[in-house]
Amino acid sequence: MSFLVVPCLLLLLASVAFVQGKRRALAVAAGERLHSRPWYHGMLVALWCLIPGLLIYLLWVFFADSILTRLVLQELPREMLARGAAQKTLLVNDLHNLVAGHVAARDIDPVLQQAADHYRALAATGRMFMAFLMLGTAVLSAALVYFRISPDLRSRNHVEQIIRVGLLLCSTVAVLTTIGIVLSVLFESIRFFRQVPLAEFLFGLKWSPQMAMRADQVASSGSFGAVPVLAGTFMISAIALAVAVPVGLMSAIYLSEYAAPGVRTWAKPAMEILAGVPTVVYGFFAALVVAPCIRDVGTMAGLDVSSESALAAGLVMGIMIIPFVSSLSDDVINAVPQSLRDGSYGLGATRSETIIHVVLPAALPGIVGGILLAASRAIGETMIVVMAAGLSARLTANPLEAVTTVTVQIVTLLVGDQEFDSPKTLAAFALGLLLFVVTLLLNVVALYVVRRYREEYE
Amino acid sequence: MDAAQAVLKISDMPFPAVDEQQGTVEGAGPAPRADNRDTVGEPFVEDPRMTCRDVNVYYGEKHAIRDVSIDIAHNEVLAMIGPSGCGKSTFLRCLNRMNDTVDTCRVSGRILLDGLDIYGRLVDVVPLRARVGMVFQKPNPFPKSIYDNIAYGPRIHGLAESRSELDGIVENSLKKAGLWQEVHDRLDQPGTGLSGGQQQRLCIARAIAVQPEVILMDEPCSALDPIATATVEDLIAELREQYTIVIVTHNMQQAARVSRRTAYFHLGALIEVGPTDRIFTNPRHRLTEDYITGRFG
């Protein structure tokens, strides 16, 4: 019996319960007025069939393995278990491999083989038991509700309550995922900060994560000052915003205030195509077209431009985030009530005066929101900077030099074979946490700005 | 023939050619039949401030205003009444070319302000709208402070040389609009924080601040409660000393209270114009009578 058959059976049972519940509701009504429509009665029976069954199924899925493993391990000879935690983990791994039927790389202890067989037998019995328990509970609880159906049963209220809980569960998924991500990054970061002081990480001016892996190896001792990396991120983001904000805002103003409807219908989607270009394509555009171009122009002007420059990455990233600024700004500019524009025109204001003094101030919260969204996108962008910005963590204010960013460093730290207990690898998590905090702060600021100015027109 | 039939009949009829004599029917002849589309009453005055002749307005294919000819005298309050969709607001918006902002709108005929054709090719709408101000149906204060709301027009037109002069204009406009007492100590608060009636008076003050000659009001009280309406009506009575006011209203009592002349519109045509008391006591046109006696509209 495949393991998916049981939940399918449960679903089938629930649909039968629904039909029966509805039928019974109609039967007990017998001319009397039902409190809830028959549909709700059927739904209540079905839900009471489904939910207890599913709970038991989920309990089994989550806990069966650990319970079975513990049972089987108890039967193994004591000396096999007394070899320390690491050995025990290895043992459990072997056991699981055997149970799953994977070919083991080394000779198998017959005792272990025996334990695996035992595990398999126990699991089969357990599954059978669980299936009966589940279906039995489902039928029982459905029957309980089924026999309580009467014209006065407040089925609608119960069903709506259950649905509300379901909706709540769905909405917590996103929140819980965020919390999970933050926690996983946080724990690794805490391990990092045990080895490298927080102050050095936040204020150190030298980033050079290469460390000696063995005592006899010749390598730098490793220094983890995040300032140059962060400075690179901010410089590139600033260049990107310097490109995207004016261009995006102006095009939004053109699209919403000046463009004929015909132009608007094709120009807006066309601009949004920019957002659909894969970032890796932007990346090689930056590395192969823009960067050499800037270098050549710079050389002609007598400047010393490195072939991977912050300017190239920033410019291309700016192009990439134009649609964020323009699309969102266009939406909020369109949302400014026409009555405000009429009021301004009625006073003899020209179109540009109206836009500058009335429309833009009214749309400001939304525009700022769009810009900050673009900013967090720019800060978190990886592919373009990996390909076009360079790797050397240099603390410089010159956009013509190569710089590195937080995201680039995370990528280089985690690519390839890693040992997950060296500060070099853990530094990636600390950088990730830093990035997360920075974008979180940006979002908080964005929310504050939007709230502060929102209620000014209605 | 009852009113509903009259409406049907009119919308089906082709329109008669307009001659110069149209609308100049004088004296107490027999009451015109309901299907007569010529303007009755006294649409023309001597020494008018604004002169409209044969004005037609189209929204795309829709013929919204048909051959309207009317004069607007100096310092009078002209009320425009009529059922919904009769074109009175559209006609009002022609008087300061607000319809320019609607892409599909086309206007033909002549509208003169002090003898100058406002649809002439060399006319700039910016000074025109400064001379012919507008107050809208829904109060629409800008999302700025009360002070900046009033100062907006004077600033863009460069009416004030200095800050103190601008302060003077703001204070003066608010006083004329009867709002100074209520807001003088909170000029830096947002204009959107005022009550509906105060907002509408703020919009009137804003229009006054650019020193217009004519003020157009498009149902200025329809979003206000009766008390705020009374305040605005009192204000209109005071303003007519200095300004020419054209007001569109759905409220016939309001038209009777504030206006000197009343124009009745029906399905895009100007049916009857005359002194307000005469229109409401002794309408000459069947349609006007039907409307003011509440038989339709």
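The legends below describe close-up views of a predicted model.

**View 1. Domain division of chain A.** Two domains are assigned in chain A: domain 1 covers residues 5–153, and domain 2 covers residues 223–454. The C-alpha centres of domain 1 of chain A and domain 2 of chain A are separated by 50 Å.

**View 2. Crossing of helix 2 and helix 4 in chain A.** Helix 2 of chain A spans residues 38–75 and helix 4 of chain A spans residues 85–100; their axes come within 12 Å and cross at roughly 110°. Because angles of 65 to 115 degrees count as roughly perpendicular, helix 2 of chain A is described as roughly perpendicular to helix 4 of chain A.

**View 3. Residues at the contact of helix 2 with helix 4 in chain A.** From helix 2 of chain A, the residues Asp65(A), Thr69(A), Val72(A) and Leu73(A) take part, and they meet Lys88(A), Val92(A), Leu95(A) and His96(A) of helix 4 of chain A. Sorted by class, this contact comprises four nonpolar, two polar and two charged residues.

**View 4. The largest pocket.** The volume of the largest pocket is about 380 Å³. Its lining consists of 16 residues, of which Ser256(A), Glu257(A), Arg351(A), Thr101(B) and Asp103(B) are the closest to the pocket centre.

**View 5. Helices and residue classes in the lining of the largest pocket.** Three helices of chain A, namely helix 8 (227–258), helix 9 (261–276) and helix 12 (338–346), each supply at least two residues of the lining. Helix 8 of chain A gives the most, with four residues. By class, the lining of the largest pocket contains seven nonpolar, four polar and five charged residues.

Technical notes. Residues numbered from 1 in each chain as written. Chains lettered and ligands numbered in written order. Predicted model: local features only at pLDDT ≥ 70, side-chain atom pairs only at ≥ 80, totals over all residues. Heavy atoms only, no water. 1 Å grid on protein atoms, 1.4 Å probe; cavity = no way out; pocket = protein on both sides within 12 Å on 5 of 7 lines; lining within 4 Å. Points joined across faces, edges and corners; volume = space filled by probe spheres on them. Nonpolar A, V, L, I, M, F, W, Y, C, P; charged D, E, K, R; others polar. Domains from an automatic or database assignment. Axes fitted to C-alpha atoms, helices over the stretch in contact; angles between N-to-C directions. Parallel < 35°, antiparallel > 145°, perpendicular 65-115°, else oblique. Contact = heavy atoms within 4.5 Å.
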